[in-house]
Amino acid sequence: MIRFLQAQLWRLCAVGDEYAQEQQQLWRDALPDIRITITYAQTLDGRMATRTGSSQWISGAESLRLAHELRASHDAIMVGVGTVLADDPRLTVRLVPGRNPLRVVVDTTLRTPRSAAVLRDGAASGTLIAHGPYADPERQRHLTDLGATLLPLPTGVAGGIDLQLLLEQLAARGIASLMVEGGSRLITALLRARLASRMVVCVAPKILGEGLSAIGDLGISRLADAYHLSGVRVTALGADQIIEGDLVYP
Ligand SMILES: NC(=O)c1ccc[n+]([C@@H]2O[C@H](COP(=O)([O-])OP(=O)(O)OC[C@H]3O[C@@H](n4cnc5c(N)ncnc54)[C@H](OP(=O)(O)O)[C@@H]3O)[C@@H](O)[C@H]2O)c1
């Protein structure tokens, strides 16, 4: 009797696995044709910035070089306007040879300052800013005058730019690979929407205690529903560990 029940249980598990794989395939088929890699540096306790928003630099020199290699190997690189305001990144490839990817900023109300590094010194022509329907027309004009490409999009149900539509627009512009460098809100939104396909996370042997969590609420209550990585590779780079793999959404 026990053997019979065990056999039934195994059968149920197998059906469950098949169902999960089918769901995963359906989800993949519905995604825009663009491969999204999320990458960031975090402390041992999962912070990507201090409580005051300072994050430069959590990782060591070797990991920064890897970040530039990753930039060079993607068609576009995307950040939220929160990162532009906090870090003023240039989002260019400097530490290794390679071409600069298209820079993409999601910025509903066009808070990106005209003096931002993604716009300065001729950089604007390689920068696309996705904004919401009610962005101030004068700010729009200032940014287009600088040479930036503005992409008006509707906002999504959770607020912010509709990311699915943005990805479709980027795919239509020939972008096949997108690297998302942060910050926390943008990464969380992409994960919640199950849009990202790969993660490359630098874990530095530092502890901050209070600070900005790399990833916010994903609405997961049961451990069985945790997202996980497959094909995981862990590499030591200086004092940091680089953990990378393909995202699996249960
Ligand atoms: N350690 C690292 O590797 C690393 C990397 C990058 C950043 N950081 C740190 O992260 C912090 C910034 O992160 P953050 O979470 O405050 O900001 P963020 O994720 O860079 O930007 C979030 C902002 O982007 C805009 N946005 C538009 N559409 C969105 C959407 N669909 N989903 C999410 N955001 C959308 C929203 O502002 P609007 O409503 O105005 O559009 C939102 O507040 C800084 O302290 C920075 O230093 C660390």
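## Burial and overall make-up

A residue is called buried if 20 or more other C-beta atoms lie within 10 Å of its own, exposed if 12 or fewer do, and partly exposed in between, with C-beta atoms placed from the backbone. By this count, 31% of the 250 residues of the protein are buried.

The model is predicted: local features need pLDDT of at least 70, side-chain atom pairs count only at pLDDT 80 or more, and totals for chains, interfaces and linings use all residues. Residues are numbered from 1 along each chain as its sequence is written.

The protein has 6 helices and 11 strands. These are DSSP runs numbered from the N terminus, helices being H or I of at least four residues and strands E of at least two.

Strand S10 covers residues 228-237; 0 of its 10 residues are buried, so S10 lies largely in the open. S10 pairs with strand S11 (residues 240-248) in the antiparallel sense, over 8 bridges; pairing requires at least two DSSP bridges between the strands. Arg233 stands opposite Glu244 in S11. The hairpin has 2 residues between its strands, and Gly238 takes a positive phi near 60°.

## Around the ligand

There are 31 residues around the ligand, and Gly80, Gly82, Gly160, Gly182 and Gly183 come nearest. A residue counts as near if its C-beta atom, placed from the backbone, lies within 6 Å of the molecule.

Helix H3 (81-87) is one of the elements that supply at least two residues of this shell, and H3 gives the most, with 5 residues.
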